[in-house]
Amino acid sequence: MRRINYDVMGLHEVSPWVESARGSKLALGLVYFVDELVSAVLKAPADVVMTPSGTYMYSTIHKPFEDPLTNLGVTYPATVIPIIVSYPVHEPESLFLHLIIAHELGHSAIAEHNLDQEVYGRDPDPTATRDTLNLAVAEYVSHEGGTPAAARGRLRVILRNWLTELICDGLAAGFLGPSYLFTAAAFGAPFHGPEPSETHPPLTLRTHLLIEQLTSWGWSSLIESAVPETHAWILDTSTRPQQAGHRTYFLRLEEAIRRLSTAIEDVVSTHLGAELFRPDAHAPNADELSALLERDILPAQLLDRSAAPRRSIILAGWVHAFAKHGDEPVSLASIVGDRDQQRFLTKALEMSVVLERWTTL
Amino acid sequence: MTLLQHEALVDALSETDFDKRLVVTPLLEDEQVGEASIDLRLGTEFLLLRRTLQAGVDVGDPNFQVQVDDLYDKIVVPIGEGMWLHPQQFALGATFEFVRLPPTLGAYVLGRSSWGRLGLLVATAVMVQPGFAGSLTLELVNEGESPVQLYPGLTIAQLAVHSLHAQTKFIKSDPTYRAPTGPQAARLAKEQHALEKISKLGDSLARV
């Protein structure tokens, strides 16, 4: 009975998904951009249903109901992967926040391509990682009780949870460049303290790795020159220690993760391949897009009649938004609250996609 | 005031000085620039009028804007799909293209006669002021006897652009419709203020 009750509760959860699948409330520009994200980040055909949620901020369900349906003998879609992505019900038009969908699709990419296992496989010093985990196990048993075997199992789960989130961050930053850093700062700062949890690594560690990756991919000079004050604040955030409190084993997990940071970056770069967003792909368009935005001109088409690249539109949009709202951390909130500008940019994404497809006909 | 011919339109669209450029973006085909006008396509967003429980729309009501906004349902019709416009139905659409006029140019939006012959009226507020930036709202009315299917992406209107006698320095810094990217419902705040003044005028005249 409990199992049936559980399944019925699960089926109730489907209702808003069905409604969302029938007709998305999201702007076309965003719908098209998610298709682009699927192609770049997931690298597999997928049917993404984006559904508003009052319960979750952003979350992903990869292959919903795969196990129960398979157990019932129902053939599960084999070629197109069903994915449910929830977004905040009150933020349907927030393009800047919706960049988190790139992170969410990262969860599916990890599930499909075993990227976490690849990271473990590239651990530069497995012995040191094992020693660090041994220390963490001892600290866990000391503070939480239980057996070392149970503690080791629990810590492995937490480490994998953290690693998963960090790979997702890396994929989003790799594809979107500094835009994702700004989004993560806007999204993370108001809601999360520096405290870690069993499902998510500390914000400080996440920010630290994002900065490290973007620097490695050549973005630091653009960020520093475009938003020096905000950049300084983000840097400061990334160097604060996590507030682990008595749960000192979280500090050990951070040590282990930091040792894996290069492996994360390598796996992300390899996975994205040519889709890794580099400054030299953005630079040729940056000035023109900036000039268009300054004059309230839709930044969809460049003077040479080509479609403006979507990622450059978004990044130019972030830089323009800082110029408009001020280069200071508090502006992150007002930028995300500027619905008019985000509607404008989303329309530019739509027009850019249509123009690009038109030229291929 | 001179109507810009094909070559002048191409020059204006290619102007490298952003502040002097005539912007029509995205322009999918060069062929949209005709002899003396630019073909404009139908956009993907529409505002459909619906019946409400209100008595009507009164610009003198302090809640006028709420009344107006309550009149419309917004729908999105992706390219590749269509929308039926029934006889006597009124809808607001918008041009697919985002238009920006420099301070040296004005324009008129005109329906394409091919659609007009089916009974479809496309635009009633046809003047586009110098300095305007945005997608142009189209007032779509089916005056024919048969429903007409509208397809976003098809050319539906044309923009006739003309030069001004001289460049105007009078460009409103806070226009009624600022860089819209879809159809805009009526905004009559200015008329509401004017009505207040007219009411006062009426009061003073009544005392005479």
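This is a predicted model: local features need pLDDT of at least 70, side-chain atom pairs count only at pLDDT 80 or more; totals for chains, interfaces and linings use all residues.
## Basis

Local features need pLDDT of at least 70 and side-chain atom pairs count only at pLDDT 80 or more, whereas totals for chains, interfaces and linings use all residues. Residues are numbered from 1 along each chain as its sequence is written, with chains lettered from A and ligands numbered from 1 in the order in which they are written.

## Chain A overall

Chain A contains 18 helices and 3 strands; helices (H or I, at least four residues) and strands (E, at least two) are DSSP runs numbered from the N terminus. With a radius of gyration of 21 Å, close to the 21 Å that the globule rule gives for 361 residues, chain A is as compact as a globular protein of that length. The radius is taken over C-alpha atoms, and the rule is 2.2 Å times the number of residues to the power 0.38. Along the principal axes, the C-alpha atoms of chain A fill a box of roughly 65 × 50 × 35 Å.

Buried residues make up 44% of the 361 in chain A (buried: 20 or more other C-beta atoms within 10 Å of the residue's own, with C-beta atoms placed from the backbone). Of the contacts in chain A with a separation of 6 or more, 80% join residues 24 or more positions apart; a contact requires C-beta atoms, placed from the backbone, within 7 Å.

## Helices 8 and 10 of chain A

Helix 8 (residues 148-176) and helix 10 (residues 203-216) of chain A pack at an angle of about 35°, their axes 10 Å apart. Axes are lines fitted to C-alpha atoms over the stretch in contact, and angles run from 0 to 180 degrees between N-to-C directions.

On helix 8 of chain A, A:Leu166, A:Asp169, A:Gly170 and A:Ala173 meet residues of helix 10 of chain A including A:Leu209 and A:Gln213. This contact has 5 nonpolar, 2 polar and 2 charged residues (Ala, Val, Leu, Ile, Met, Phe, Trp, Tyr, Cys and Pro are nonpolar; Asp, Glu, Lys and Arg charged; the others, Gly among them, polar).

## Contact between chains A and B

In chain A, 16 residues are in contact with 15 residues of chain B. Helix 18 (residues 339-359) of chain A supplies the largest share of the chain A side, 7 residues. By class, that side has 10 nonpolar, 1 polar and 5 charged residues.

## Sheet in chain B

In chain B, 4 strands form an open antiparallel sheet in the order 2-12-7-9, where pairing requires at least two DSSP bridges. Strand 2 (38-41) and strand 9 (127-128) of chain B are at the edges with a single partner strand each, so one side of each has no neighbour in the sheet.

Strand 2 of chain B pairs with strand 12 (residues 155-163) of chain B over 4 bridges. B:Asp39 has B:Gln158 in strand 12 as its bridge partner.

Methods: A residue is buried if 20 or more other C-beta atoms lie within 10 Å of its own, exposed if 12 or fewer, and partly exposed in between; C-beta atoms are placed from the backbone. Two residues are in contact if their C-beta atoms, placed from the backbone, lie within 7 Å.
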